[in-house]
Amino acid sequence: MSLPPKPWPTGRCEQLEPLVARVLAPNASPFTYTGTQTYLVGGREGLAVIDPGPAEAVHLAALEAAIGGAPVLAIMCTHTHRDHSPAAAPLAERTGAPVVGCAPLVLESVDGFPRADAPFDSDYAPDRVLADGEQVSGPGWTLTALATPGHTSNHLCFALEESGAVLTGDHVMGWSTSVVAPPDGDMADYMASLETLYAREDRMYYPAHGPAVERPRQLVRGMIGHRRQRERQIVKLLGRDPGAVEALVPQMYRGVDERLWPAAAQSVLAHLVDLERRGLVTRSGDVWMIAG
Ligand SMILES: [Zn+2]
């Protein structure tokens with residue numbers, strides 16, 4: 001995945017459309033592209049901060065400068081990966097704003113394994129959790145929560161009713177497909193959440209990483225096709241030879257940056273778990289094979 005040429009607009013407030021501005025955090029990596037993008041929705045009379053990002057002093061200072069004394073009415077998180085929500089608490093402390101949005105992750109274990117792991121922000125403590133369709137509004141803007149589980153079980157997108165834009169978090173991004181890592185990540189949920197967006201008529205997506213998406217339905221249709229193609233590829237490879245995830249990944253992700261293979265392995269596992277639930281594949285230990 002090639003990155004755009006530097007300099008990147010880290011720490012600057014970029015106005016994208018009348019109600020939407022963006023501030024890039026200094027946390028670029030193979031998983032975050034140029035970094036997490038925090039969005040400010042609204043204006044001088046009151047705004048919402050979406051995905052405040054990592055709790056790094058320079059990013060918090062950049063957000064405060066971008067906010068510029070405007071009342072912060074809500075701090076909203078799409079999900080609780082550590083590159084999205086840790087700045088919520090310090091920003092709430094500085095602005096007095098409530099933390100509103102996704103649920104905290106349920107930490108019960110699944111099959112003896114913890115459901116949440118290191119990438120999750122276990123300190124996230126929202127003042128109000130939004131269910132699908134619930135809204136937060138301010139002067140001239142309304143954000144509607146869209147339940148979009150899959151990348152994580154608690155993922156929400158936020159639709160800006162006044163402009164047809166959707167803040168898509170990590171659910172749909174232009175630069176990369178989303179990592180779906182079991183046990184919290186769920187491929188069947190992810191596919192259903194892609195269908196949720198595909199059924200809408202949105203004008204523009206602003207993802208938490210990477211550039212704005214100007215043809216959102218076309219991208220979502222492509223992603224649905226891409227996942228179905230990955231699934232067919234897995235079934236075809238297992239039809240030839242039963243194998244472990246580690247054997248499938250090099251065959252499926254040839255030409256992709258090897259630093260991303262562990263994440264790709266998570267998505268392959270998510271496909272296998274989904275195929276197993278549907279009775280199409282089965283496993284013996286770590287080795288997966290066609291059922292029947
Ligand atoms: Zn994430």
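In which strand is the place of Leu 47? Leu 47 belongs to strand E4. The numbered points below start from the whole chain and return to this residue in its sheet.

1. The structure under review is a predicted model. Its chain contains 6 helices and 16 strands.

2. Dimensions. The radius of gyration of the chain is 19 Å, which agrees with the value near 19 Å that a compact globule of 292 residues would have. The C-alpha trace spans about 65 × 40 × 35 Å along its principal axes.

3. Burial, contacts and surface. Of the 292 residues in the chain, 51% are buried. When contacts between residues at least 6 apart in sequence are considered, 59% of them join residues at least 24 apart. The chain has an accessible surface of about 13000 Å², and carbon and sulfur atoms account for 53% of that surface.

4. Charge. There are 24 positive side chains and 34 negative ones in the chain. The centres of these two sets are 8 Å apart.

5. The open sheet. A sheet of 7 strands is open and has mixed pairing, with the order E1-E2-E3-E4-E5-E6-E9. Its edge strands are E1 and strand E9 (128-129), each of which pairs on one side only.

6. Leu 47 in strand E4. Gly 42 is the residue that stands opposite Leu 47. Is Leu 47 buried or exposed? Leu 47 counts as buried, because its relative accessibility is 5%, below the limit of 20% that defines burial. Neighbours within four places in sequence left aside, the contacts of Leu 47 include Val 41 and Gly 42. Leu 47 is also in contact with Ile 67, Ala 70, Pro 71, Val 72, Leu 73, Ala 74 and Trp 141.

7. The hairpin of E15 and E16. Strand E15 (residues 281-284) and strand E16 (residues 287-290) run antiparallel and are joined by 4 bridges. Val 281 stands opposite Ile 290 in E16. The hairpin has 2 residues between the strands, and Gly 285 takes a positive phi near 65° there.

8. Cis peptide bonds. The peptide bond from Lys 6 to Pro 7 is cis, with omega near 5°, and Pro 7 is placed in the segment before strand E1 (13-17). The peptide bond from Pro 182 to Pro 183 is likewise cis, with omega near 5°. Pro 183 lies in the loop between strand E13 (165-169) and helix H3 (187-198).

9. Where is Tyr 33 found? Tyr 33 is in the loop between strand E2 (20-24) and strand E3 (37-43). Its phi is near 60°, a positive value in a residue other than glycine. Tyr 33 is buried, because its relative accessible area is 11%. Asp 51 is also a residue other than glycine with a positive phi, in this case near 50°. The loop that holds Asp 51 runs between strand E4 (46-50) and helix H1 (57-67). Asp 51 is buried, because its relative accessible area is 2%.

10. Tyr 198 in helix H3. Tyr 198 has its place in helix H3. Residues up to four places away in sequence not counted, Tyr 198 touches Arg 217, Val 220, Arg 221 and Ile 224. Tyr 198 and Ile 224 are 26 residues apart in sequence, and the distance between their C-alpha atoms is 9.2 Å.

Definitions and conventions: Residues are numbered from 1 along each chain as its sequence is written. This is a predicted model: local features need pLDDT of at least 70, side-chain atom pairs count only at pLDDT 80 or more; totals for chains, interfaces and linings use all residues. Side-chain values use heavy atoms; hydrogens and water are left out. The radius of gyration is taken over C-alpha atoms; the globule rule is 2.2 Å times the number of residues to the power 0.38. Buried means under 20% relative accessible area, exposed over 50%, partly exposed in between (1.4 Å probe, protein chains only). Contact means heavy atoms within 4.5 Å. Accessible areas come from the Shrake-Rupley method with a 1.4 Å probe; for residues, only the protein chains shown count as cover. Lys and Arg count as positive and Asp and Glu as negative; His and the chain ends are not counted. The place of a charge is taken as NZ of Lys, CZ of Arg, CG of Asp or CD of Glu. Two strands pair if DSSP finds at least two bridges between them.
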